[in-house]
Amino acid sequence: MVIKEDVILGCNVQIFHPHLVNLYGCKIGNGCKIGTFVEIQKGAIVGENCKISSHSFICEGVVIEDGVFIGHGVMFTNDLYPQATNTKGELQSEADWQVVPTLVKQMTSIGSNATILAGVTIGKNAMIGAGAVVTKDIPDYAIVAGVPGRVIGDMRNRDNSNL
């Protein structure tokens, strides 16, 4: 694994075990923490003060705003109809498909092993539960769980008495 020269790293970015991280052509904001076995592809943008936990994959076309938590093993996708070959039966190249962008707004938390499908927007301060599969846009402050992910609550109404 490698951190390529074309990566733009902000100030005070912590990369745990950089020899076990794969970053190329991406932008990482100030104060971020990047865990072991993370891959962040070209064109992906991570805002300031984000935490990307180990074994997560952030592909081209993903924009993560400030203060976002990404749990362990979170997977993003950027193609709604992925295929290995083009219409001629040849392996696809970048010319054979288009990146479908995804946006994660500020202060959102995404639980371990969640999968985020291409083309969605996750609203600010949302909470995506562990193992959820997000297939459509998520409103601000929503609590989402399940497969497919469904809104089950609102972060503004959660019971904090046991925290």
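**Structural briefing**

Leaving aside neighbours within four places in sequence, isoleucine 122 is in contact with Leu103, Val104, Lys105, Thr108, Ile110, Ile116, Ile128, Val134 and Ile138. These contacts are read from a predicted model. The protein chain has zero helices and 20 strands. With a radius of gyration of 16 Å, close to the 15 Å that the globule rule gives for 163 residues, the chain is therefore as compact as a globular protein of that length.

**Nonpolar core**

- The largest nonpolar core holds 36 residues, and those touching the most other members are Ile34, Ile40, Ile64, Phe76, Ile110, Ile122 and Ile128.
- Two or more residues of this core come from each of the elements β10 (62-64) and β19.
- In soluble globular proteins, nonpolar side chains tend to be buried together.

**The open sheet**

- An open sheet of mixed pairing is formed by eight strands, in the order β2-β5-β8-β11-β14-β17-β19-β20.
- At the edges stand β2 (14-15) and β20 (150-154); each has a single partner strand, so one side of each is left without a neighbour in the sheet.
- Strands of a sheet pair through backbone hydrogen bonds, either parallel or antiparallel.

**Parallel pairs**

- Strand β11 (residues 69-70) pairs with strand β14 (residues 109-110) in the parallel sense, over two bridges.
- In this pair, phenylalanine 69 lies opposite serine 109 of β14.
- Strand β17 (residues 127-128) is joined to β19 in the parallel sense, again over two bridges.
- Isoleucine 128 is found opposite valine 144 in β19, and Ile128 is also one of the core residues that touch the most other members.

**The antiparallel pair and its hairpin**

- Strand β19 (residues 142-145) pairs with β20 in the antiparallel sense over four bridges.
- Opposite alanine 142 stands aspartate 154 of β20, while isoleucine 143 stands opposite glycine 153.
- The hairpin of β19 and β20 has four residues between the strands, and glycine 146 there takes a positive phi near 100°.

**Whole-chain values**

- The C-alpha trace spans about 55 × 40 × 20 Å along its principal axes.
- Of the 163 residues in the chain, 37% are buried.
- Among contacts with a separation of 6 or more, 16% are between residues 24 or more positions apart.
- The chain exposes about 8,900 Å², of which carbon and sulfur atoms supply 53%.

Conventions: Residues numbered from 1 in each chain as written. Predicted model: local features only at pLDDT ≥ 70, side-chain atom pairs only at ≥ 80, totals over all residues. Heavy atoms only, no water. Pairing = 2+ DSSP bridges. Core = buried A, V, L, I, M, F, W, Y, C linked by side-chain atoms within 4.5 Å. Buried < 20%, exposed > 50% of the residue type's maximum accessible area, 1.4 Å probe, protein only. Contact = heavy atoms within 4.5 Å. Rg over C-alpha atoms; globule rule 2.2 N^0.38 Å. Areas by Shrake-Rupley, 256 points an atom, 1.4 Å probe, with all protein chains shown as cover.
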